[in-house]
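Dear colleague,

Please find the structure below, handed over for your own work. My findings follow it.

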Amino acid sequence: TGLSALYRSPDGGQKWESIDVPMDRARALHELGDTIYLLGENPSSGGNEPQIARSTDQGQSWTLLEGFTSAANGAMANTIRRGTLKGDAMVAVTTDVPAGILASLDDGVSWTSWLEADPEPSAGLEFWPPGESGRLVFASPKTGILIGTSAEEDWWSPRTPPTGEPRRLVMADDGTLLVATRGGAVWQSVDGGETWNTMGKGPPCAIFDLVPGPGFAEHPLVLLGTQLGVWWSDGGDFAPAPWLERLENGGVFLTCGEEDGYCPTYTNNNEGAGGGLDLGPGSLVRFSTEGDSVRLLASGGGEWEAI
C-alpha cells in the first residue's frame with residue numbers, strides 16, 4: 001500500500017497485519033508457492049537503489065538479492081515474475097534507463113538483459129502457459145505486445161495485435177491472456193499472445209487494474225478498476241458493476257439492491273443512504289475462494305469488506 005507498507009492476512013482478507021519490509025518503497029509483489037518476492041527501491045544520495053527481497057516464511061524475514069541492485073544500475077522497476085523458461089527464470093521490468101527486462105537464472109545472483117524497451121512503466125509481464133512456460137509475453141504503452149523466450153532469440157510481435165496502447169496485461173488461471181488498452185477495450189488471447197480478439201468494450205477512461213475471476217474457462221468474469229469505478233463483464237461489453245452506484249463526488253457506492261433481492265449485511269459510511277462501502281475511483285476489488293464458494297472483496301484503502 002502506498003510506497004512503504006506491506007500487509008498479510010491469515011484468514012482470507014478479514015484481518016490484516018503489517019509486515020516489516022527491507023526497503024523504503026515497495027512497488028510490486030509476486031507470490032510463487034511458499035516464496036514471496038518484493039520489488040522496490042531505497043532512495044539514496046546518488047538516486048535510487050532498486051532492490052528485490054525474497055521471503056520463504058510469509059514475510060517474517062527477508063533476504064535481499066543484491067545482484068539485482070547493481071544490474072539495474074539505478075533504474076526503477078515495477079514488475080517481477082518467476083517461472084520456468086530456459087531453466088528456472090526470474091525476470092523484472094525496469095522502467096528507467098536502462099529500461100527493459102532483466103532476467104536471472106541463478107536465483108537472483110546474476111542478471112542479464114533479455115530485452116531493451118522504451119523507458120516507461122510496463123503494462124505487465126507473464127510467463128505462458130501456466131506451469132511449464134514456453135514464452136514470456138510483455139506489454140507496455142509504447143512498445144505494445146512482445147513475445148520472446150530469452151536474450152538469445154529475437155522477440156516478435158503478435159500476428160493480430162490488439163488495437164490501442166496496452167494499459168494492463170494479466171493472465172487468467174486457465175492461461176487466457178487479457179489486456180486492457182487505452183480507450184477502454186479489453187482483448188483476450190488463448191494462444192500465448194499470437195492473436196487477440198476483443199472481449200468487450202469498457203468505459204472510455206483511465207484503467208487502473210484488470211482482474212479475471214477464478215475458474216475463467218467456465219466463467220469468464222472480468223472486473224475493471226477504472227476512473228469511473230468498477231466495471232464488469234462475463235463475456236460481452238463491460239458495464240458498471242450492478243451492485244455499485246456512482247456518486248456525485250466521484251466515488252462508488254455499494255447499495256442495497258432491492259430489485260434483485262440483494263442487500264449487504266453490513267454498514268460502513270454513508271449512514272442513512274442504505275448502508276454500504278464508499279469506494280474511491282480505481283478502488284481494488286478482488287476474489288477470495290474458499291472451497292466451492294467465491295467471495296468478492298473490496299477495499300477503498302482500508303480494511304477489506306465482503307461484497
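Which residue in E13 is the bridge partner of Phe138? It is Leu146.

Some conventions apply to what follows. This is a predicted model, in which local features need pLDDT of at least 70 and side-chain atom pairs count only at pLDDT 80 or more, while totals for chains, interfaces and linings use all residues. Residues are numbered from 1 along each chain as its sequence is written, and side-chain values use heavy atoms, with hydrogens and water left out.

Strand E12 and its partners

Strands, labelled E, are DSSP runs of at least two residues, numbered from the N terminus. Strand E13 covers residues 144-148 and is joined to E12 by 5 bridges in an antiparallel arrangement; two strands count as paired if DSSP finds at least two bridges between them. The hairpin that E12 and E13 form has 3 residues between the strands. E12 also pairs with E11, again antiparallel and over 5 bridges, and Leu136 in E12 stands opposite Phe127. In the hairpin of E11 and E12, 6 residues lie between the strands, and Gly131 takes a positive phi near 90°.

E12 is largely enclosed by the rest of the structure, because 6 of its 6 residues are buried (under 20% relative accessible area, with a 1.4 Å probe and protein chains only). Arg135, Val137 and Ala139 are buried on one side of E12, and Leu136, Phe138 and Ser140 on the other.

The nonpolar core

A nonpolar core is a set of buried Ala, Val, Leu, Ile, Met, Phe, Trp, Tyr and Cys residues joined through side-chain atoms within 4.5 Å. The largest one here has 15 residues, and those with the most contacts inside it include Leu136, Phe138 and Trp155. Strands E8 (88-94), E9 (100-104), E10 (112-116), E11 (124-128) and E12 (135-140) each supply at least two of its residues. E8 gives the most, with 3 residues.

Contact here means heavy atoms within 4.5 Å. Beyond its neighbours within four places in sequence, Trp155 is in contact with residues including Ile101, Trp114, Leu136, Phe138 and Leu146.

Arg8

Arg8 lies in strand E1 (residues 6-8) and counts as buried because its relative accessibility is 16%. Its side chain makes polar contacts with the side chains of Glu17 (2.5 Å) and Gln58 (2.8 Å). A polar contact is a pair of N or O atoms within 3.5 Å; within protein, one must be able to donate a hydrogen and the other to accept it, and residues adjacent in sequence count only if both atoms are side-chain atoms.

Yours sincerely

Methods
Buried < 20%, exposed > 50% of the residue type's maximum accessible area, 1.4 Å probe, protein only. Helix = DSSP H or I, 4+ residues; strand = E, 2+ residues; numbered from the N terminus.
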